[in-house]
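Work through the exercises below with the sequence and the model side by side. Try each task before reading its solution.

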Amino acid sequence: MLKLYEHPMSAFAMKVKMALNEKGLEYEALIPAGMMDGSAAGEFVAASPRAEIPALIDGDVEVFDSTIILEYLDDKWPTPPMRPASPAERARVRMIEDVMDTHYEPNNWGTMEVMRAKRATGAQGDQMVAYARRNIEQLQRWLDQQLGDRQWFNGDQFGWGDICVAPVLGRSTIGYGYPIATPRLAAWFERTRQRPAVVKVFDQLQAVLANLPDFPALIAAGKVKRQYRDHRLEWMIAAGGLSVVQDGIAKGNIRFSRLPG
Ligand SMILES: N[C@@H](CCC(=O)N[C@@H](CS)C(=O)NCC(=O)O)C(=O)O
């Protein structure tokens, strides 16, 4: 059976689970040990040398990175296809995916770092959450334009475009209660969250959100060292959290990318 290393809160893992569910593929979902403090090892790191989720194991084949996994799934199990048919439509949904992964997702990540992990509090924390809210509203207005009169981001059929938007928008809506900026986007989200493939994934997200650990205590005890990298690190600085980064380096409770090898 397929094995998926994942975490129910990860939008990148949610994308892959939605595709697997839509295709009716069975898989074993595993949360890798050592994700919280960067000490992951073994089969997971062999499959995902940056120690990032998601990672898919299909017999001898190991694939990391959500986009590459989605491509692999569509190549190996083309029915139902997640990619739209034409090159132009494929490019269109891949561009939406890129914006979700690089611009939208860091706002969810940063909200978590402030609201739940309490990396910043008081006026600084408020300013950072307000920054996330503004960005999310702007990006949702952009998404509304991308959707236009289509039924799905993918076109006539649910697919790649939708499974790349749903996890990220779902996390900010279900996870943090950020309102959806336009009625058209809200209606799309309602249609999407009724699909069995999506229901399963959001149920898992909600179960984890309802039982979050005491992050500030775990950080203080050295058991959580979040990875600060790429767009998330930029978000932290642009939102007004440079001192969070400096403090995290000084106290050793953040880390950067893990290099393969
Ligand atoms: N480009 C990757 C990004 C994956 C990613 O950022 N995963 C995060 C979780 S949401 C992760 O595993 N971070 C490593 C860590 O927290 O140690 C993808 O699309 O799969």
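**Exercise 1. Find what the buried residues of helix H3 pack against, and which residues they are.**

Step 1. The buried residues of H3 pack against helix H1 (11-23), S3, strand S4 (61-64) and helix H6 (160-175). Helices (H or I, at least four residues) and strands (E, at least two) are DSSP runs, numbered from the N terminus. Packing rests on contacts, for which two C-beta atoms, placed from the backbone, must lie within 7 Å.

Step 2. The model is predicted: local features need pLDDT of at least 70, side-chain atom pairs count only at pLDDT 80 or more, and totals for chains, interfaces and linings use all residues. Residues are numbered from 1 along each chain as its sequence is written.

Step 3. In H3 (residues 66-76), Ser66, Ile69, Leu70 and Leu73 are buried. Buried means that 20 or more other C-beta atoms lie within 10 Å of the residue's own, exposed that 12 or fewer do, and partly exposed in between, with C-beta atoms placed from the backbone.

Step 4. Seen down the axis of H3, these buried residues fall within an arc of 100 degrees, so they line one face. The arc is that of the directions from the helix axis to the C-beta atoms. An α-helix has 3.6 residues a turn, so residues three or four places apart point the same way.

Step 5. Ile68, Asp75 and Lys76 are exposed, on the face of H3 turned away from its buried side.

**Exercise 2. Decide whether alanine 51 and aspartate 65, each with a positive phi, are buried or partly exposed.**

Step 1. Most residues other than glycine have a negative phi, and most peptide bonds are trans.

Step 2. Alanine 51 has a positive phi of about 60 degrees and lies in the loop between helix H2 (43-47) and strand S3 (55-58). Alanine 51 is buried, because 23 other C-beta atoms lie within 10 Å. Not counting residues up to four places away in sequence, alanine 51 touches Ala40, Val45 and Arg258.

Step 3. Aspartate 65 has a positive phi of about 85 degrees and sits in the loop between S4 and H3. With 17 other C-beta atoms within 10 Å, aspartate 65 is partly exposed.
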